[in-house]
Amino acid sequence: MTTLTRSTLAASIALSLLSGGCFLLGEGGAKFIEADDVRLDLPGAVSNRDVDPSMIHGDLHDAAIRVTEDVNTWVTSMVETSARVVEYLDRVPETSRDGNTRVYGPYADRDGRDLGWLVRIDESADTTNFELHVGPRTAASQADMNKLMSGSLVATEEDRSGGFTLDFDVVEKYPDIKGDAAKLYTYAGAVSVTFERQLGSDFKHIDMDFQDLSVLYEGFLDDDAFFSDDTYTYHRAADGSGSFRLALLGEWDDFGWSGPAQENMTLEWAWTPTGEGRTRGSIVEVDGVGDMKHGDLALEECFGADGYLTWRQINDAYLVEAPEYNLGDPKSCALGVDAFDK
């Protein structure tokens, strides 16, 4: 599953590097999206240092933990950086006004890169709307720039909701955003993150809508391409039970079970209020295209509230590669396969 992690890390690198380009940072009290609004929390994430050798985590369980950690890194980094910018600007005079919207910039990038930045903020009652524009260092107005990110927050004493959209085509138009390390990656498309959260319960819904998002990794040893026009969902009910799902088109050749053709990968997790869970993963060809060694791959796992595996199963075609893989009893599962349909 390392290529799965690489695809989410690609977004992580690009977005975390945006923090270096923000031209104004500080502390303040303006209402804005918080890291907790968009953080993914999965149950049973036990430290590997505490694992009894006779008790193990499932492969899907560990892959899901790694992926959510990567996503949390870039989503919360983007939110926290943008929040500091908005909070600071909320306390200083705007450059200009457009109706009720305060406009700050354009400002030249403070790190000396060929970038210019402009922020638009509109606050009314419980709602904050914002836009982040980027252009060349010489940009004299918004007309010389492109909208990199926009979003909103609606916050009351009981609920918070909102989100943001990030345009990766704009990231590619201004490659200095990415920095040297991220130049191994080429992006296209966009991603929108939306959320709903209740402050008085565990209820939280986060949807990441990939809009023709593609990531091309051109590394030192191999190249990998990923694509998604799907939605990464994280839904947690008021009682703490929940589910999430991720889907990507990509190359899954880390273990020699696949070649350069792209197959569709899905990873799903469902859990009870007390943290017992079930995971399901598959890599399948799309429209007859694919080069998995033994055709479609399917995995299922169940685990307890501590995250330790109680049952796992791989489809028969791949038992030749891992004859000892299957273990446990499916009767140990706290949830049935219908949990993924809720």
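This report describes a predicted model of one protein chain, from its overall make-up to single residues.

## Overall make-up

The chain has 342 residues, of which 48% are buried. Its secondary structure consists of four helices and 16 strands. Among contacts with a separation of 6 or more, 56% are between residues 24 or more positions apart. The accessible surface of the chain is about 15100 Å², and carbon and sulfur atoms account for 49% of that area.

## Confidence

Mean pLDDT for the chain is 80, with 78% of the residues at 70 or more.

## Nonpolar core

The largest nonpolar core of the chain holds 63 residues. Within this core, Ile33, Leu148 and Tyr232 touch the most other members. Helix α3, which spans residues 59–89, is the element that gives the most to the core, contributing eight residues.

## The disulfide

The model contains one disulfide. The bond joins Cys302 to Cys333, with an S to S distance of 2.0 Å. The link is right-handed, with 100° about the S-S bond. Cys302 lies in strand β14 (residues 297–303) and Cys333 in the segment after β16 (327–328), so the bond ties together parts of the chain that are 31 residues apart in sequence. Both Cys302 and Cys333 are buried.

## Arg236

Arg236 is part of strand β10, which covers residues 231–236. Its relative accessibility is 14%, and because the limit for a buried residue is under 20%, Arg236 counts as buried.

Two polar contacts of the Arg236 side chain can be described. A polar atom of this side chain lies 2.5 Å from the backbone oxygen of Asp202. The side chain of Arg236 is also joined to the side chain of Tyr234 by a polar contact of 3.5 Å. Beyond four places in sequence, Arg236 is in contact with Asp41, with Asp202, Phe203, Lys204 and His205, with Ser241 and Gly242, and with Trp271.

## His133

His133 is found in strand β4 (residues 127–135). With 4% relative accessibility, His133 counts as buried. Its side chain makes a polar contact of 2.8 Å with the side chain of Glu131.

## Backbone exceptions

Most peptide bonds are trans, and most residues other than glycine have a negative phi.

The peptide bond from Gly105 to Pro106 is cis, with omega near 5°. Pro106 belongs to strand β2 (residues 101–108).

Ala125 has a positive phi of about 50°, although the residue is not a glycine. Ala125 lies in the loop between β3 (116–124) and β4. This alanine is exposed, with a relative accessible area of 75%. Asp287 likewise has a positive phi, near 55°, and is a residue other than glycine. Asp287 is placed in the loop between β13 (277–284) and β14. At 77% relative accessibility, Asp287 counts as exposed.

Terms used
Residues numbered from 1 in each chain as written. Heavy atoms only, no water. Core = buried A, V, L, I, M, F, W, Y, C linked by side-chain atoms within 4.5 Å. Buried < 20%, exposed > 50% of the residue type's maximum accessible area, 1.4 Å probe, protein only. Helix = DSSP H or I, 4+ residues; strand = E, 2+ residues; numbered from the N terminus. Disulfide = S-S within 2.5 Å. Contact = heavy atoms within 4.5 Å. Areas by Shrake-Rupley, 256 points an atom, 1.4 Å probe, with all protein chains shown as cover. pLDDT = per-residue confidence, 0-100. Polar contact = N/O pair within 3.5 Å; in protein donor to acceptor, adjacent residues only side chain to side chain.
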